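Please read the following numbered points with the sequence and the structure at hand. Each point treats one part of the chain.

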Amino acid sequence: MILAPAKAEEVFRLEGHGGPVKAIAVEGDRALTASFDNSVGLWDLEEGQPRWLEGHTAAVNAVVFLPEGGFASAGDDNSLRLWNEAGGERHALEGHTAKIMNLDAVPGMIASASWDGRIGLWSTHDGAHIGWLAGHEGQVNDIAFAQGGTRLFSASYDGTIREWDVARMEELRIVARHGFGINVMALDTKAGWIAYGALDGGTRVVRTDDGAILADLSADRRPILALDRRGDGGEISVGDGEGFIMAVETDGWTIARDFRAAERGPIWALAYSERKSRLFAGGIDDGAQAFDLENSPLTLMASAERSFLMPPEAMSNGERQFKRKCSVCHTLEEDGKRRAGPSLMGLFGRKAGSVAGYTYSDALTGIDLVWTEKTVADLFEIGPDHYLPGTKMPMQRIVRAEDRADLVDYLQTHTRR
């Protein structure tokens, strides 16, 4: 099932991705979803049909509707892509040297927040690079335009929120400081506040003019990974690494509802629907959930437990290594599901980069490498980033030789045709 349209009082899901949902944007009867499977889903919420926007070569972390029409997306491949209304790619914007975590747009311009410590500014008309905002001492995680695009706020792992003069391309001031990295924020310039969530679970609201704390909403859950403001500014919702969503009324900063949306795993994405009282949420599941905040019970998001979250004692060591290191991106079946990586069925004896229908990075295109017991073990001994420089495989190692051997044995057993 792709999407099950529902009555007003019911809950529905956007299903079809082959990996966790990292970001959601909603505009009218349409939604965009970004996933670990390298794809962007463009959803018609009335007809229940998605269109897949393909082009990224790694996980997609951010999506946004452009004010002049069309869409933008960005992700782990360090690129920002502009799409037209039909879902065709217009421009692939390069320049960042690390993954892009978030986007915001005003008419004619889009900003990108990257782990290279910079904020990129780009024209949405022709994709031209306008300039860089640099000054953070760590990765930039979130951004928000203000005053029609003349100002911009940014949040970083350096524990600060900063304000920038976009026209002059210069930093104006540090608005807030936090002892841990700040992951997400929501801005209301009319009301004069910024809400933010941090690695240590800190959830605070500060005034934009002087950084004074208006509310401390911390709930002893960490990290805070998602935050969105309802269109009228009357409510914000906060998602954390333990699967909880907390909705807060901004008039008095009181908690309206606090519920566990996912039994296990994080809440990575939140987005209000302005036309209906719905909150879309994404996390470790392969789909996004729409909660009706007024009329329906708030049920759990996840339709099934993620295999890599199974209790360690329930698996052999080889299976445990596969579930933890490989299963988010790869399947052992040729089921045709959307995944960030190709199926591992028939792995041993197969030439690297040779699965039909899968778009590989340049590092694996035409490479003279065959997957064997030794090459699989070597891959994890030093890590894909060193064994195959330029690959889009995540940077990870299996340090213990025994663990690598158990993984190889497990794969040999479960990838035979």
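1. In this predicted model, helix α1 meets helix α4 through Asn317, Gly318, Glu319, Gln321 and Phe322. On the α4 side, the residues in contact are Glu402, Asp403, Asp406, Leu407, Tyr410 and Leu411. Sorted by class, the contact of α1 with α4 comprises four nonpolar, three polar and four charged residues.

2. Two packed helices are described by the angle between their axes and the distance between the axes. Here α1 spans residues 317–325 and α4 spans residues 401–414. Their axes are 7 Å apart, and the packing angle is about 90°. Angles of 65 to 115 degrees count as roughly perpendicular, and α1 and α4 are therefore roughly perpendicular to each other.

3. Asp77 is found in the loop between β7 (71–75) and β8 (80–83). Is Asp77 buried or exposed? Its relative accessibility is 15%, so Asp77 counts as buried, the limit for buried being under 20%.

4. The side chain of Asp77 makes a polar contact with the side chain of His56 at 3.0 Å. The side chain of Asp77 also reaches the backbone nitrogen of Thr57, at 3.0 Å. When neighbours within four places in sequence are left aside, Asp77 is in contact with His56, Thr57 and Ala58.

5. An open sheet is formed by four strands in the order β10-β11-β12-β13, with antiparallel pairing. Its edge strands, β10 (100–106) and β13 (129–134), each pair on one side only. From one strand to the next, the twist averages 20°.

6. Within this sheet, β11 (residues 109–114) and β12 (residues 118–123) pair in the antiparallel sense over five bridges. Ser112 stands opposite Gly120 in β12.

Notes. Residues numbered from 1 in each chain as written. Predicted model: local features only at pLDDT ≥ 70, side-chain atom pairs only at ≥ 80, totals over all residues. Heavy atoms only, no water. Axes fitted to C-alpha atoms, helices over the stretch in contact; angles between N-to-C directions. Helix = DSSP H or I, 4+ residues; strand = E, 2+ residues; numbered from the N terminus. Parallel < 35°, antiparallel > 145°, perpendicular 65-115°, else oblique. Contact = heavy atoms within 4.5 Å. Nonpolar A, V, L, I, M, F, W, Y, C, P; charged D, E, K, R; others polar. Buried < 20%, exposed > 50% of the residue type's maximum accessible area, 1.4 Å probe, protein only. Polar contact = N/O pair within 3.5 Å; in protein donor to acceptor, adjacent residues only side chain to side chain. Pairing = 2+ DSSP bridges.
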